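The sequence and structure are shown first.

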Amino acid sequence: MKPVKPYLSFDPASAAATGPARTGERPHAIVIGSGFGGLAAAVRLGARGWRVTVLEKLDGPGGRAYVHRRDGFTFDAGPTIVTAPFLFDELWALCGRRREDDVELRALDPFYRIRFDDGSWFDYSGDPQRMKAEVARLSPGDVAGYARFMEEAERCYALGFEGMATMPFETLGDLVRAVPSMVRMRAWRTIHAMAASHLRDPRLRIVFSFHPLLIGGNPFSVTCAYSLIQPLERNHGVHWAMGGTGELAHGLARLIEGQGSTLRYGAEVRRIVVEAGRATGVELAGGERLAADIVVSNADAAWTYRHLVAPEHRRTWTNAKIERSHYSMSLFVWYFGTNRQWHDVPHHMMVLGPRYEGLLKDIFSRRKLADDFSLYLHRPSATDPSVAPAGHDAFYVLSPVPHLDAGVDWSARAADYRDAIAERLERTVLPGLRESIVTSFWTTPQDFQDRLLSYKGAAFGFEPRLTQSAWFRPHNRSEDVDGLFMVGAGNHPGAGIPGVLSSAKALEAVLPDAALFRR
């Protein structure tokens, strides 16, 4: 891998003088947070000769991929759509193991069903001929446009994902070198504008533009480069981790422990210790200080800079810059188990409301909690009987909502909002739902802030619009603090499982050699 010249001063002798913790000759790295980005970073660090301590605020691994177990049901807290499985396979291979020996990924077909408010639907799959037939069923005149859309999306995949996802954007020169690819993608257009240029049916424009919502972006403001998600899914499939997505998080945790590294739960980081412009360790909420040669933050990027790094150490990510940035929406997620099953409901289903652009304006621009909503309904028991008792179904339903700047008092509104969602689901796809519920709880934007330490309660961090992508996102090597590195949804390349795993892979290009710290 070609080394990247650091733009901050780096003196390993000076770093060693600060007294980082050591065991034998292996240098010590602290990783803040055990989301997929942090776990992947820890595995890659361990494979490069580092001793790693992963610090996690919660009582188990995963971060947004935490697992709730209640009344015999298993509920994944967050990500449920697993794409790019090769990125997981690479991590297992770094430890001399095969992922399939530890976690089974089962391909889904279809990937998901999109149900429109008028009752029509679109079954989205990775089969080009079936996709063509679905387009023709809704709008025969759009078949040629669909082919043109996918051709353009494939170009975005090659240029954006294959070409830039693991490329660290550190300097303006890196940005300049990426400009030709951005021009070829016509990245200044929004993904909805791209879809509308090829497709006439408004339902198909939704089908082929909603994907950025899966990573926190408004299709009417996010760059069309994110059309790469669709070829990514078609080329590599959409999978379910048997036992739940949390099985991947626990599997990675076992790999880290097998490398001789440590995971500490219930260990919330209060601040990153910076001495002479360099990260030298962390201080925990209880006052304990841990020294390290480098610190890698998988915590929310805005939260990391705003709350963990003192203002005097930040000349790029100042409080003012953090405040004026654009953030993703938040989420209301209702988890529930039932004492009956709905065999006609697929594993993944989008239950759309009457509005698309207007609802997204309410969420992202007006910051208004609307009376109507579009929902993502997740029924893992359609594929995996282990997540629910026999004859039962496990669900979660996710509603995009504004982040905390909307001023909604979720302690007062959550129950009524849940009831409205239940009524909508019962009326459209789950008849008899409310009388069948045997366990139920929810997560609100306030929980994203208080429990997951997400700035403004934004579920995906910085919104992935063009001016907040690539070089414009927080860099994988901190622009402000030497020895501080960043992975996860808020950093380059962005949110979603492939994004956060790629951020850990990009990290390798900017890490100092572990041998420099040995003594």
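## Cysteines

The sulfur of Cys 156 lies 4.8 Å from the closest cysteine sulfur, that of Cys 224, which is too far for a bond. The structure accordingly holds zero disulfides, a disulfide being a pair of cysteine sulfur atoms within 2.5 Å. Cys 156 is buried at 0% relative accessibility, where buried means under 20% relative accessible area, exposed over 50%, and partly exposed in between (1.4 Å probe, protein chains only). Cys 224 is likewise buried, with a relative accessible area of 0%.

## Basis of the values

The model is predicted, so that local features need pLDDT of at least 70 and side-chain atom pairs count only at pLDDT 80 or more, whereas totals for chains, interfaces and linings use all residues. Residues are numbered from 1 along each chain as its sequence is written, and side-chain values use heavy atoms, with hydrogens and water left out.

## Nonpolar cores

A nonpolar core is a set of buried Ala, Val, Leu, Ile, Met, Phe, Trp, Tyr and Cys residues joined through side-chain atoms within 4.5 Å. The largest one has 118 residues, and Phe 36, Ile 114, Phe 122 and Phe 208 have the most contacts inside it. Helix H6 (residues 143-164) supplies the largest share of this core, ten residues; helices (H or I, at least four residues) and strands (E, at least two) are DSSP runs numbered from the N terminus. Another core, of 30 residues, lies apart from it and includes Leu 290, Ala 292, Ala 302 and Ile 322.

Neighbours within four places in sequence aside, the contacts of Phe 122 (heavy atoms within 4.5 Å) include Ile 114, Met 131, Leu 138, Leu 204 and Phe 208, together with the charged residues Arg 113, Glu 134 and Arg 137.

## Cavity

On a 1 Å grid over the protein atoms alone, a cavity is a set of points where a 1.4 Å probe fits but cannot get out, and a pocket is an open set with protein on both sides within 12 Å along at least five of seven lines; lining residues have an atom within 4 Å of a point. One cavity of 30 Å³ or more is found in the whole structure. The largest cavity holds about 40 Å³ of space, and its lining consists of Tyr 124, Ser 125, Met 131, Tyr 146, Met 150, Gln 230 and Arg 234.

## Pocket

The second largest pocket has a volume of about 270 Å³. Its lining has 17 residues, of which Thr 316, Trp 317, Lys 321, Trp 471 and Phe 472 lie nearest its centre.

How values were computed:
Grid points are joined across faces, edges and corners, and a volume is the space filled by probe spheres set on the points.
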